[in-house]
Amino acid sequence: MGQIFSPTTNTLAKLSIYGAVVVPLGILFGGSAISRSPYNTNVGVTLNQPIPFSHKHHANELGIDCRYCHTSVEKTAFAGVPPTHTCMSCHSQIWTNSPILEPLRQSWRSNEPLIWNRVNKLPEFVYFNHSIHIARGISCNQCHGAIQKMQVTSKGFAFSMKWCLDCHREPEKYLYSDEAHPNMTPQDQALSLYKKIQSGVELTPREEALKEGLPYQATAAEIEKGKELVAKLKVKKEQLADCWTCHR
Amino acid sequence: MSDTRVYGLMAEFDDPEDLVVASQRAHDAGYREMDAYSPFPIHGLDDAIGFKDSKVQWMMFWGGVIGAAAGFALQAYANGMDYPINVGGRPFISWPYFFPVTFESTILLSSFAGVLGMLGLNGLPKPYHPVFNAPRFDLATQDRFFLCIEAKDPKFEIDETARFLEGLGSLSVEEVPH
Amino acid sequence: MNRESKERIEEQLNGKPLWRSLDELADKPEFHQYLQDEFPLQAKAWLGKMDRRSFIRYATGTLALAGLAGGCRWRPQEKIVPYVKQPEDEVLGVPVSFATACTSRGPAIGILATSHENRPTKIEGNPGHPASLGGTDAITQASLYDLYDPDRSQYIRNLGEISSWDSCIFAIREMLLKQRENGGANVRILSGTIYSPTLHQQKQALLKMLPQAKWIQYEPVTRDMARQGAVIAFGQDVQPVYHFDKADRIVSLDSDFLMSMPGSVRYAKDFADRRRVREDMTEMNRLYSVASWPTVTSANADHHLAVKPSDVEGFALALASAVGVSAQGSLPASVPRGWFDAMVADLKANGSRSLVVPGLHQSPVVHAAAHAINQALGSQAVTYIEPIEAAPTDQMKDLAGLVEDMKGKRVEMLLILGANPVYNAPADLNFKEYLSNVLFKVHLGNYVDETAGECIWHIPETHYLENWSDAKAFDGTVSIVQPLVEPLYAGKSVHEFIAAMMGEPKLGYDIIRGYWQSQEQIGASEEKWTIALNEGLVAGTASPAKQVTANPRLQPEASGAKGMQILFLPDATIWDGRFSNNAWLQELPKPLTTLTWDNAAMIAPATAKDLKLDQNDLVNITFQGRTIKMPIWIQPGMPADTVCLHLGFGRTAAGALGNEVGFDTYALRTSQAPSYSPGVTIAKAGGIHQLVATQNHHAVSGSETMDGRDVVRSGLIDEYKKNPKFLNPPKDEEPDALFEKPKDYQEYDGYKWGMVIDTSACIGCGACVTACQSENNIPIVGKSQVQNGREMHWIRIDRYFAGGEDQPDTLFQPMTCMQCENAPCEPVCPVGATVHSHEGLNQMVYNRCIGTRYCSNNCPYKVRRFNFYKFSAGQPDLDPGNYDYPSLQLMANPDVTVRGRGVMEKCTYCVQRISAARIEAKKAGRDVKDGEIVTACQQACPAKAIAFGNIADAKSEVAKQKRQPHNYTLLDNLLTVPRTSYLAKLTNPNPEIKS
Amino acid sequence: MSEASGEKLITGVHDFASIGGKIDDIVLDQKRHGLNWQLAFAAGFLGVNILLIAVCWLLFMGVGIWGINIPVGWGFAIINFVWWIGIGHAGTLISAILLLTRQRWRNSINRFAEAMTIFAVMCAGMFPLLHTGRPWVAYWMLPYPNWMTLWPQFKSPLVWDVFAVTTYFTVSVIFWYVGLIPDLATLRDKAKSLLVARIFGVFSLGWRGSAKHWVRYESAYLILAGLSTPLVLSVHSIVSLDFAISQLPGWHTTLFPPYFVAGAVYAGFAMVLLLVIPIRAWYGLKDLITMRHIDWMCKIMLATGLIVSYGYMTEAFYAWYSGNPYEWFMMKNRMMGPYWPFYWSLILCNGLVPQLLWFPKWRANLPMVFGICIVISIGMWLERFIIVVTSLVRDSLPSSWGMYYPTFWDYATFAGTLGFFTFMMFLFVRFVPMINAFEMKDLLYKFQGNPRKRADAISAGEGH
């Protein structure tokens with residue numbers, strides 16, 4: 001029956017070819033972009049808490065040691081969340097009638113625990129141990145971001161497996177010992193960062209990055225030192241990246 | 001000197017051999033911008049209209065080569081470099097283990113290259129084409145055989161060419177409008 | 001149901017910690033309201049929910065209970081719930097362990113109970129306790145499940161209706177006052193055997209208050225016979241304590257001292273210690289077993305004879321006269337003369353280092369004879385002590401007396417404390433019928449069981465992990481039972497109950513402390529008390545040996561009985577039925593039979609042929625005019641013309657899991673013939689009942705199936721002395737691998753974990769299986785799934801027979817993941833969910849597994865287990881009963897993922913324990929010490945047959961054992977290079993006896 | 001192929017138009033599809049629904065609803081997978097290998113066989129996916145960058161399967177479609193209504209039958225065939241490696257690849273015949289799919305059947321000759337173990353019954369051929385059952401032996417895929433030209449010259 005399509009259909013045909021290439025790629029990259037965005041990872045997303053607790057104020061401005069509240073951080077897997085009692089040890093004296101602390105007092109009176117919204121969460125099948133990381137001098141900020149800057153606490157990094165492996169595969173890039181205080185225990189080193197920030201002493205680039213909660217590229221020299229440290233601490237790199245180190 | 005009012009002249013035959021002969025003579029007569037149409041491939045028709053092309057073969061060859069390289073590289077990178085894991089004490093990179101996937105990717109890319117190449121070179125998909133304007137052209141996919149000398153051929157001169165085509169023993173000669 | 005009432009209650013519940021709230025709630029009207037219009041089960045379900053809430057409240061941080069939910073964000077926001085005031089002694093995430101004692105089976109076994117955030121999660125043996133020495137048995141391991149059992153009694157009930165403690169105790173007091181008028185002549189108290197000094201004292205006090213009252217003890221499994229035997233032999237009741245470490249030649253007269261006697265756990269270790277062959281230690285003891293049914297003990301014997309129950313007596317008497325005790329009785333025809341003479345000679349030759357052990361269910365004469373023989377041989381391996389029961393009596397007689405009184409309407413008030421006579425009293429007493437003559441009946445028990453159903457009042461009893469108490473072990477040593485957790489429900493301990501009943505309500509602690517205040521071993525000293533608690537035993541309480549002399553008059557009683565005989569025995573896992581609802585024990589394959597979720601009439605293959613019976617055939621068993629119908633199980637090693645019935649099944653009020661499992665054999669048991677008797681008839685009833693065993697093939701070596709397979713290796717110690725490598729012949733040609741291991745694995749210089757299992761020491765009891773189940777959150781799957789080969793146990797005990805079907809030698813081989821260095825499972829996994837660690841572990845990563853099951857197909861040892869359903873959530877047919885069930889969530893080990901549906905799992909060498917130890921060592925800047933990591937199976941093993949450690953360290957125990965000449969790996973022809981290896985089984989038969 | 005035999009490939013008097021008509025009208029004239037079609041299609045549709053139910057229940061409950069267990073980790077799912085893949089192979093073999101070997105007789109059945117391949121592979125492809133414990137993460141078997149930095153484990157035969165089957169499917173579809181383009185163009189030009197014309201127009205991509213097109217077309221088509229040949233051989237070899245790579249007695253054998261391929265072709269041709277015999281009758285295609293075609297297919301079945309039987313013998317012989325107790329026990333267990341009836345009916349179905357095909361008169365007897373094909377299909381399924389199940393139930397350690405009892409859901413899923421296959425086949429028959437029209441015209445021209453000329457010659461002769 002002669003011509004059944006108009007010339008424009010040729011253009012359509014061409015377009016459809018490009019579409020067949022572009023659309024799937026778009027979906028692929030779009031999807032992965034979303035999955036890496038805060039929408040999925042919650043990085044930097046703050047949650048409503050019964051009390052707008054500020055690490056900035058307590059850890060940085062007041063300079064309270066992390067271990068004052070997170071008592072078991074260098075002893076066990078869990079850092080530990082402070083019982084009401086810990087808060088009350090100060091707040092029975094100061095801010096005793098500030099309205100934002102009412103939930104705290106309420107909890108104290110009624111013996112009802114405060115119920116916080118969890119910010120940092122690993123899947124059930126990942127077994128993370130705070131104490132050993134602290135024992136290697138890994139600063140809190142390495143994983144939790146610039147805690148001392150957080151008015152309301154939020155997630156510092158997306159805990160992706162790749163991100164964990166970066167360090168577990170090449171610990172020498174992340175392990176360091178503080179030149180300024182050579183005979184400080186790793187535990188103290190891990191937690192000394194904040195004191196330095198408060199005292200405003202000169203920070204090394206690495207510490208600067210930690211302070212800002214940014215990733216840091218170790219220099220060749222630092223990596224060399226890191227290697228020595230790895231050897232000194234008898235860190236078994238291969239074993240660090242074995243599945244059962246974190247999954248059981 | 002060519003003619004822009006029409007796409008070309010279409011001669012119809014009812015026998016494959018006639019078409020081959022006609023095409024041959026048209027070619028001898030110096031026509032170059034022409035094409036022959038048949039419901040099934042006819043041996044020698046391409047030589048008759050003086051057409052040579054082996055690009056498809058080469059595309060498929062290179063498709064295969066790339067497929068093989070990519071296939072092996074993927075495995076070597078994934079299991080050998082990016083995340084080498086000991087499975088049952090096997091070597092990280094082990095070509096016998098990697099052969100099957102390499103082979104399959106070779107075939108896959110090669111056939112993609114072939115088909116896409118074939119369509120591309122043939123300028124398909126192209127739902128609209130002037131030759132469909134020829135009134136009886138729908139028989140070209142059934143039981144008739146056509147020879148079309150296109151207007152863009154320098155030697156094309158509508159009456160002259162029409163006469164030439166009729167001289168080839170065609171059943172009919174018609175103008176193919178744009 | 002009534003919505004707002006439920007909400008109101010939930011509010012109040014959220015308000016306070018669980019344990020207090022329940023008690024208080026029980027009195028609130030809306031609570032009754034709610035529970036009436038709710039089925040008890042559902043009521044339980046949401047009461048359960050509270051467990052979880054309160055548990056979350058107590059356990060901050062993430063605990064891996066939710067299984068493999070995958071890491072997506074569209075999940076409810078998780079909460080963190082810290083303490084208000086944190087307990088001084090608690091460091092979050094660090095398990096604490098307390099010394100206490102398991103009294104589930106009566107006599108105490110010292111244990112160390114591990115607790116995570118106030119939840120007991122694991123039970124281990126107490127190395128310092130004589131009855132444990134660090135080992136446990138399956139029942140002790142599984143007693144943890146009893147604590148969290150969803151079907152435990154949770155409310156005080158009056159005629160089935162929820163009631164309150166106050167109204168209950170008020171009613172009892174009222175009745176008691178009335179009864180006091182005539183000195184309590186119409187009051188009876190029925191309890192289980194008393195091993196608790198404190199309870200005994202309370203008993204005396206109560207009887208002082210009610211001089212005319214009677215206190216009866218009854219348990220289906222007693223030592224009545226042993227008691228009578230002792231009286232025959234010594235004129236007084238004494239109890240033997242055996243010292244297998246001092247015994248070179250042992251004769252077991254139908255006893256199962258390795259598994260089902262008080263002290264078995266200890267005995268197993270002492271026995272096994274004498275069978276651990278090393279290059280430099282080739283002296284073994286020798287065990288002769290004369291058994292009326294195949295037990296773990298007879299399976300471990302160097303010489304074993306299967307004889308009818310009644311023939312044991314003849315054998316004992318013959319042996320007695322052979323060693324010079326005046327006794328009449330001739331050797332039964334079933335015992336080969338040559339065999340007997342050789343044995344006697346062997347015993348005499350070893351004199352004081354010989355030992356004869358009678359079985360608890362054997363007749364008094366056998367016990368008496370055994371005592372006499374031991375004395376005649378001057379055996380050093382047995383001592384005699386005061387019985388560990390506080391008040392040993394003839395329980396069967398007392399029970400009969402009680403029934404008489406009930407019959408004569410002389411009983412007005414009956415207190416049943418932790419006993420279940422309605423179910424387990426002998427059939428001829430018709431206990432249930434006459435119980436209805438009693439007006440006022442009170443039942444204190446863990447479950448709303450058959451007896452509770454017949455009583456006016458029921459009070460939930462506390463689990464031993466919930467209460468204060470004390471108990472004697474097999475040698476008289478007293479342990480203080482201390483609680484690890486407040487009672488989950490409105491439970492009362494028997495001590496608290498009696499105290500309250502007598503009008504001086506006290507807390508369990510005060511009662512126990514009060515008693516020991518008056519005992520010189522502790523007295524007022526808080527220090528001694530603390531030591532007793534920390535060490536799990538009261539120093540200096542072990543009963544001293546008594547000097548007794550035997551001059552028995554030994555006359556045959558039962559011997560020479562003709563025809564088919566019936567034999568009643570406690571079940572290997574659920575004992576007398578008290579553990580019927582314990583899922584772990586029900587699913588634990590019974591030793592030798594590997595039967596699960598059932599009991600059966602065991603007969604010998606020969607007998608089966610005579611009676612033309614086949615496996616699973618239903619038969620009518622008629623004994624003394626009563627008949628029950630049950631299936632047949634044909635068991636190699638059973639004596640001919642004997643049918644062996646196990647007690648404890650066919651319960652009707654055990655709980656969701658225990659009801660209607662197996663067949664009630666108490667229906668045939670009479671007070672005259674509680675253990676064995678002739679005069680039973682078996683007739684085919686038509687139809688079958690599918691019995692389910694985890695190992696269906698009686699693979700007998702030399703037979704078609706074992707033909708040429710190099711699976712278990714065993715041999716004679718004499719051979720070994722000549723050529724230690726005789727079980728490890730050099731291969732004619734060593735096949736070598738086609739490929740080379742990756743460099744960094746060859747060069748890795750860290751730990752290399754490995755395991756050795758000594759099959760000479762392994763007694764095959766199955767404690768390791770339950771220990772593993774408890775440690776690794778292994779779900780149970782139920783009968784139908786086991787039948788389909790889907791049981792989930794990570795370690796199994798393979799059982800092989802050698803020799804003929806009638807009296808086969810038995811070989812046990814515990815099978816776990818072999819952690820092969822060239823693991824066949826690994827290369828076939830498409831997603832790398834099972835891969836190799838540098839420390840040599842075959843890692844199984846649940847969260848990566850997509851469940852192709854290819855790894856299992858390719859595993860030559862078939863030690864991988866697959867979650868065909870969401871077993872951890874009780875699918876498809878065990879809901880409730882698994883880790884999604886609120887109360888059972890508390891039982892889960894937080895250091896191990898609870899596996900979801902569709903993933904493969906297997907033994908991990910307890911990697912969570914490895915990780916913990918490794919991290920502690922790293923923090924301390926040292927290496928992990930040998931013995932610092934103990935796997936669950938190794939820890940539980942009473943015979944200490946398992947060694948685990950770093951094989952890279954030549955000085956480690958495991959490395960030493962791997963160097964033994966009789967160390968071999970399984971299926972080494974496949975070049976899998978397993979990290980788990982075996983020490984071949986060596987036996988020490990009497991060369992004089994030609995089999 | 002000699003002229004003489006060649007002529008027999010088209011019977012009756014035909015010219016280009018009439019041949020085209022015979023094929024195209026089945027699609028263009030929808031009234032042609034009568035009760036036969038409706039019944040067959042209804043049966044297929046029922047099967048599809050069964051499949052849907054079975055799959056939903058599976059996804060809801062888990063693979064536990066099947067009979068699989070430990071030790072038998074693979075049951076019906078893998079058996080059916082191998083069986084379906086095998087059936088697919090005949091299609092590729094016919095279209096590719098016979099094209100390379102210039103077997104002209106392929107032309108009338110290749111389109112049909114290729115369609116069969118595609119649908120068979122669809123059925124096959126479902127099973128490996130469904131049989132995983134967690135199908136929703138089965139995509140982890142594909143290599144894609146992710147922030148777990150995890151990849152498929154390329155040493156696993158299952159990953160090879162993924163690549164082999166997807167490649168096989170893609171290439172088969174391409175090959176089939178390329179073959180269709182000219183015929184779709186024909187339909188476009190013959191269509192009565194504009195709509196139909198446009199639909200075919202879209203799918204025929206504007207094909208004009210130009211000589212230049214034909215040149216590239218033919219070279220591409222030929223090389224595709226050249227690629228498909230090793231492909232089809234590789235696919236079933238790789239499938240057989242699922243077993244051969246493992247250590248299981250009865251699986252761990254180098255014999256598998258060739259013997260699997262032969263078996264595949266065997267089963268495939270049986271299936272082609274099962275479909276062709278009724279359809280050529282229903283749609284009056286006896287002139288184009290002639291008895292000679294059927295005869296040749298029977299001969300091929302006979303040949304491959306003999307190869308397969310030889311495979312069985314070799315298997316038994318080496319089990320004994322190896323002197324390996326595990327292997328020898330495995331063989332004895334197949335013959336005399338709990339599944340002995342399956343083994344011997346396998347020998348009957350695949351070894352003995354097909355021997356009837358030696359006799360031309362049986363090959364010419366359509367009901368008989370049809371029956372034999374059914375027997376062979378069953379036999380080939382049994383073969384996979386024997387390989388998968390009997391090897392697993394009795395492996396190295398007697399302690400872990402078990403049994404395998406398929407459940408209702410196993411059967412339902414299998415029946416479902418059979419239905420799905422029928423369903424697709426009959427949709428194909430209705431909406432796509434089931435015989436390659438342009439090749440038939442070509443064939444006609446090659447063997448008979450231009451039919452019209454011949455007709456003129458005859459009439460001229462009469463003129464005298």
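Buried here means under 20% relative accessible area, with exposed over 50% and partly exposed in between (1.4 Å probe, protein chains only). Helices (H or I, at least four residues) and strands (E, at least two) are DSSP runs, numbered from the N terminus. If you look around C:Phe315, leaving aside neighbours within four places in sequence, you will find contacts with residues including C:Val251, C:Leu331, C:Trp339 and C:Met343; contact means heavy atoms within 4.5 Å.

Residues are numbered from 1 along each chain as its sequence is written, and chains are lettered from A in the order in which they are written. Because this is a predicted model, local features need pLDDT of at least 70 and side-chain atom pairs count only at pLDDT 80 or more, while totals for chains, interfaces and linings use all residues; side-chain values use heavy atoms, with hydrogens and water left out.

Let us stay in chain C for helix 8 (residues 224–234). Eight of its eleven residues are buried, so this helix is largely enclosed by the rest of the structure. The buried residues include C:Met225, C:Arg227 and C:Phe234, and their cover includes helix 13 (364–377), strand 14 (382–385) and helix 14 (395–407) of chain C. Just after helix 8, C:Gly235 takes a positive phi of about 75°.

Now turn to where chains C and D meet. Here 59 residues of chain C are in contact with 58 residues of chain D. The rule finds one salt bridge across this interface, defined as a side-chain nitrogen of Lys or Arg within 4 Å of a carboxyl oxygen of Asp or Glu. The partners are C:Lys862 and D:Asp395, at 3.1 Å from N to O. On the side of chain C that touches chain D, strand 31 (796–802), helix 27 (854–857) and strand 35 (865–866) each supply at least two residues.

Finally, visit D:Ser108 in helix 5 (residues 107–130) of chain D. D:Ser108 counts as buried, at 2% relative accessibility. Among the residues that D:Ser108 touches are D:Ile435 and D:Met440.
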